[in-house]
Amino acid sequence: MQCISNQKPADFIERREYQRSSLPLTTVIGNTPYAIENWSFSGFKIANYYGVLQPPRITKLKILVPTAGPGALFQTIIETVRYEPSDVSLSVKFGSLDIFNKRILNRYFQEHLVYDTVANGV
């Protein structure tokens, strides 16, 4: 039996500028919705992507934030970074995430942080 630890070693150095989240988001490319596997304010990973976008490519797409209330669907510019055929995923970075859209994502992230803290009694 193998034990898997979620704790990072004491000498671990976080190189990411923003914390990643696995809270559910959806992106719409053309008319096709795709689940976002994980995301941060710098970019995200699209799960099970079978579309035509391949790196390097800059395009517009829509992001659906499920519990952000009004303004939960916004359009942004992204740049494709990497396509991974082993898990059929597409990694992208935000080309321009304006302050309004950043606020929507931040509010969504904070709502879940508070909800999880209260729900888990932490």
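Analyst: Trp 39, Phe 41, Tyr 108 and Phe 109 are linked by ring pairs into a cluster. Rings of Phe, Tyr and Trp (its six-membered ring) pair if their centres lie within 6.5 Å. This is a predicted model: local features need pLDDT of at least 70, side-chain atom pairs count only at pLDDT 80 or more, and totals for chains, interfaces and linings use all residues. Residues are numbered from 1 along each chain as its sequence is written, and side-chain values use heavy atoms, with hydrogens and water left out.

User: How many aromatic pairs does the structure hold?
Analyst: Five. In one of them, the ring centres of Trp 39 and Phe 109 are 6.4 Å apart and the planes sit at 80 degrees, so this pair is edge-to-face. Planes under 30 degrees apart count as stacked, over 60 as edge-to-face and the rest as tilted.

User: Which parts does that pair tie together?
Analyst: Trp 39 lies in strand S2 (residues 32–39) and Phe 109 in helix H1 (residues 99–119), so the pair ties together parts 70 residues apart in sequence.

User: Are Trp 39 and Phe 109 buried or exposed?
Analyst: Both are buried. Buried means under 20% relative accessible area, exposed over 50%, and partly exposed in between (1.4 Å probe, protein chains only).

User: Back up a bit. What pattern does the protein follow along the sequence?
Analyst: The pattern is β-β-β-β-β-β-α. That is six strands and one helix. Helices (H or I, at least four residues) and strands (E, at least two) are DSSP runs, numbered from the N terminus.

User: And how much of the protein counts as buried?
Analyst: Of its 122 residues, 31%.

User: New topic. How many salt bridges are there?
Analyst: Three. A salt bridge here is a side-chain nitrogen of Lys or Arg within 4 Å of a carboxyl oxygen of Asp or Glu.

User: Which residues are linked in a network of salt bridges?
Analyst: Glu 37, Lys 45 and Asp 87. Lys 45 meets Glu 37 at 3.4 Å, N to O. Lys 45 also bridges to Asp 87, with the closest N and O atoms 3.1 Å apart. Asp 87 lies in the loop between strand S5 (73–84) and strand S6 (89–96), and Lys 45 in strand S3 (residues 43–46), so this pair ties together parts 42 residues apart in sequence.

User: Is Lys 45 buried or exposed?
Analyst: Buried, at 18% relative accessible area. Glu 37 is partly exposed at 38%. Asp 87 is partly exposed too, at 32%.

User: What about Glu 79 and Lys 93?
Analyst: Their side chains form a salt bridge at 3.9 Å, N to O. Glu 79 lies in strand S5 and Lys 93 in strand S6, so the pair ties together parts 14 residues apart in sequence. Glu 79 is partly exposed at 28%, and Lys 93 is partly exposed at 40%.

User: Now the backbone. Which peptide bond is cis?
Analyst: The one from Pro 55 to Pro 56, with omega near -15 degrees. Pro 56 is in the loop between S3 and strand S4 (57–64). Most peptide bonds are trans, and most residues other than glycine have a negative phi.

User: Where is Asn 48, and what is its phi?
Analyst: Asn 48 sits in the loop between S3 and S4. Its phi is positive, about 50 degrees, although Asn 48 is not a glycine. Asn 48 is partly exposed, at 49%.

User: And Val 88: buried or exposed?
Analyst: Val 88 is buried, at 14%. Val 88 is in the loop between S5 and S6 and has a positive phi of about 50 degrees.
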